Amino acid sequence: MIRVNVLGVSVLGPGLPGWVDSVPILTGVQDWTYAEAIPPPPALLPANERRRAGLLIRLAMAVAEEAVAMAGIPLNVPRGVFACSNGDGVVLDAILRSMAAPEGQISPTLFHNSVHNAVAANWMIGVGSMRPATSIGMHDDTFAAGLLKAAAEAAHEGEMLLFCTYDAPMPEPLNAKRVTAFPFAVALVMAPADVPSGEARPPLARLTLRYAGGRSEPEAWFPKMPGPRSLVTGNPAARGLRLLEAIASGSADRFALPLAGGRVEVEVTP
Amino acid sequence: MRPLAIRALSAISAIGRGAEPMFDALSNRRGGLSPCDFAGVTSGWIGRVPGVESHAVPPRLAHFDCRNNRLADMALHTDGFAARVAEARARLGADRIGVVVGTSTSGVGALEDAYVARDPVSGALPPDFDFVHTHDLSSLASYVREALDLAGPALTVSAACASSARCFVDAAHFIETGVCDAVVVGGADSLCGMTLRGFASLGLVSPRACRPCDTARDGVSIGEAAGFALLEPLWTNSGRTAVPGLAVLGTGSSSDAHHMSAPHPEALGAVLAMRAALADAGLAPEAIDYVNLHGTGTRANDAMEDRAVMTVFGSGVPGSATKGWTGHTMGSSGILELAISALCIEHDMVPGCLAVDEVDPSFEALVVTVNEHRTVRRVISNSFGFGGINCSLILGRTS
């Protein structure tokens, strides 16, 4: 079993514009209504990169910044686990279109931004951190894979860690093959449960995780509130909504998220 | 970290399928590069794996069929790897063995073909194109998991050219926290138009076979490779290993925080990764017998890496790059070069850089350009990638 504390959290998605304004919706105090998620240009990046930053980078950096700030630690302290299913579909589509054209030339800038770890790189450059950062993907199970990986790393290394997961719809013709209904991003700052958190704020929640064989029942891990429930299958990162509800309400919960041939069992305690 | 035994190991590249042909090519200094004839690209040289076109994946996994998964499948069925995993599965249980594998471009080659075959009116991709089982990043981890009948946690690491090195770090976290009792690590990256044209667009492809560390080096040769290792803690089981006593002794990872594709000018990220791996293994720099360089053959990478190696090891530890044999196999270079490092340990040999006329005179660290027979107990192998990710792995004998 892995035990970690959650010190910071953020969410950005339709009708969920950052943590503070999302808490009433995640706790059922306020009804969810659709509103487009518009992440700001990342202030952490230099002007040129800021202008160029696409939706995916903006999404990830917005939630990462809010979560780390909430944890009360400097932005460049945590290690990073970045999880995304689709990667940057806008960049991928542009490269594939130009390659399918007769001349077949690729833009060098698009090419180096096509790597899956481009988002992690932008964050690390933006905050000036030389800490380790990994970048993973596992299709619909990306949230569960990233959460398990992040918790294992924070617990074993005994260090603060930023888990950031994000996905956005890809342009056609890609979206028809891999439907992503809307942009969504979640970030959590974790600390190992058995290490004093020093200057950081007290935990928002405590997580206990384990992996077990056998897929979890469909819907057993769906969010409890109707708004979040309507979002949970529209974006791989939205699979984090059940956990976010528990953190927002400060209540205990227990559920299991599907991952590959099995499931990640999550226990949340206040 | 505590040493992780390498129970099984396999790798395929342009210099052969498995340890024996690979060692034969290294010992006889026979490279695997040839002029590029792939995906309509005719400039530069490539390291192409023979037989991928005719290799068939098992019928039950036919929906995964693409060049990248064929390459992975070939590696799984090399040097008895799948059989060794089956033994571990019988002993530990399928859901106790994880799959943490790396790739930079997954099956994008299949997606490139699908874009060419778009419907001329609607622009739609062909109806029979299977996105999730070919191009999607999960494809590799899912393929390996299903091919080996495993049920543990599975995920794909995609961190550019450090992908299959970084997955050792991620797998170690799963083992150390008890999530898994063993993990299949490694990865695959296959030739594709995107990588060939992308590196060409950056002006980083050599017009001839690449010559890492040469004073006249002028870029990379793109290659393809796949390889896998079965990691299991030594502290729970003292069973046999791929090479007697072979284990991963330490891992180190860092970020440059500098630029998307240019290395850190002072090599700080590479220095941090190597020092982190040494600290993780509890070893002093003097304990390392050979540095397997990332050594891509670009002006900037090799100069940066020389500076980093000099900073950490000084000029006394021999180093070389093996990409002159295999080409730069992108995200699979970490596992391929770990397999090469295992051969160096098994045979007490350091393979000198291939086709080097003159080592860059500005280099200060010790670069070997002929094969040397000397005691090799521990190797550090470097992998660096776009986005400024650096990973170093230390491999050695524990007995």
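This is a predicted model: local features need pLDDT of at least 70, side-chain atom pairs count only at pLDDT 80 or more; totals for chains, interfaces and linings use all residues.
Tutor: Just after helix 6 of chain B, B:D149 has a positive phi of about 55°.

Student: What makes helix 6 of chain B largely enclosed by the rest of the structure?

Tutor: Buried means under 20% relative accessible area. Nine of the ten residues of helix 6 of chain B are buried, so the helix is largely enclosed. The buried ones are B:S138, B:S139, B:L140, B:A141, B:S142, B:Y143, B:V144, B:R145 and B:A147.

Student: Which elements cover the buried residues of helix 6 of chain B?

Tutor: The cover includes helix 2 (67-76), helix 5, strand 5 (97-102), strand 6, strand 7 (182-189) and strand 9 (225-233), each from chain B.

Student: Why is A:S129 called buried?

Tutor: The cut-off for buried is under 20% relative accessible area. A:S129 has 2%, so A:S129 is buried. A:S129 lies in the loop between helix 6 (118-127) and strand 4 of chain A.

Student: What makes the approach of the A:S129 side chain to A:N76 a polar contact?

Tutor: The pair of N or O atoms must be within 3.5 Å, with one able to donate a hydrogen and the other to accept it. The A:S129 side chain reaches the backbone oxygen of A:N76 at 3.4 Å, and the backbone nitrogen of A:R131 at 3.2 Å.

Student: Which residues is A:S129 in contact with, leaving aside its neighbours within four places in sequence?

Tutor: They are A:N76, A:P78 and A:M124 in chain A, together with B:S255 and B:A257 in chain B.

Student: How many residues are in contact between chain B and chain A?

Tutor: On chain B there are 64, and they are in contact with 58 residues of chain A. The two chains bury about 4800 Å² between them, with 68% of that on carbon and sulfur atoms.

Student: How do you know that A:E153 and B:R166 meet in a salt bridge?

Tutor: The rule asks for a side-chain nitrogen of Lys or Arg within 4 Å of a carboxyl oxygen of Asp or Glu. The N to O distance for A:E153 and B:R166 is 3.1 Å, and therefore the pair qualifies. Across the interface of chain B and chain A the rule finds two salt bridges. The count of residue pairs in polar contact, both at pLDDT 80 or more, is 19.

Student: Which element gives the largest share of the side of chain B that touches chain A?

Tutor: Helix 8 of chain B does, with seven residues. By class, that side of chain B has 31 nonpolar, 22 polar and eleven charged residues.

Student: Why are strand 4 of chain A and strand 6 of chain B called paired?

Tutor: Pairing needs at least two bridges. Strand 4 (residues 133-137) of chain A and strand 6 of chain B have two, in the antiparallel sense, and therefore they pair. A:G137 stands opposite B:T156 in strand 6 of chain B.

Student: What makes strand 9 of chain A a partner of strand 7 and strand 8 of chain A?

Tutor: The requirement is again at least two bridges. Strand 7 (residues 205-213) and strand 9 (residues 262-269) of chain A pair antiparallel over eight bridges, with A:T208 opposite A:E267. Strand 8 (residues 253-259) and strand 9 of chain A are joined by seven bridges, also antiparallel, and A:D253 stands opposite A:V268. Both pairings therefore meet the rule. In the hairpin of strand 8 and strand 9 of chain A, A:A260 takes a positive phi near 50°.

Key: Residues are numbered from 1 along each chain as its sequence is written. Chains are lettered from A and ligands numbered from 1 in the order in which they are written. Side-chain values use heavy atoms; hydrogens and water are left out. Contact means heavy atoms within 4.5 Å. Buried area is the accessible area (1.4 Å probe) that two parts lose on being put together, summed over both. Helices (H or I, at least four residues) and strands (E, at least two) are DSSP runs, numbered from the N terminus. Ala, Val, Leu, Ile, Met, Phe, Trp, Tyr, Cys and Pro count as nonpolar, Asp, Glu, Lys and Arg as charged, and the others, Gly among them, as polar. Buried means under 20% relative accessible area, exposed over 50%, partly exposed in between (1.4 Å probe, protein chains only).
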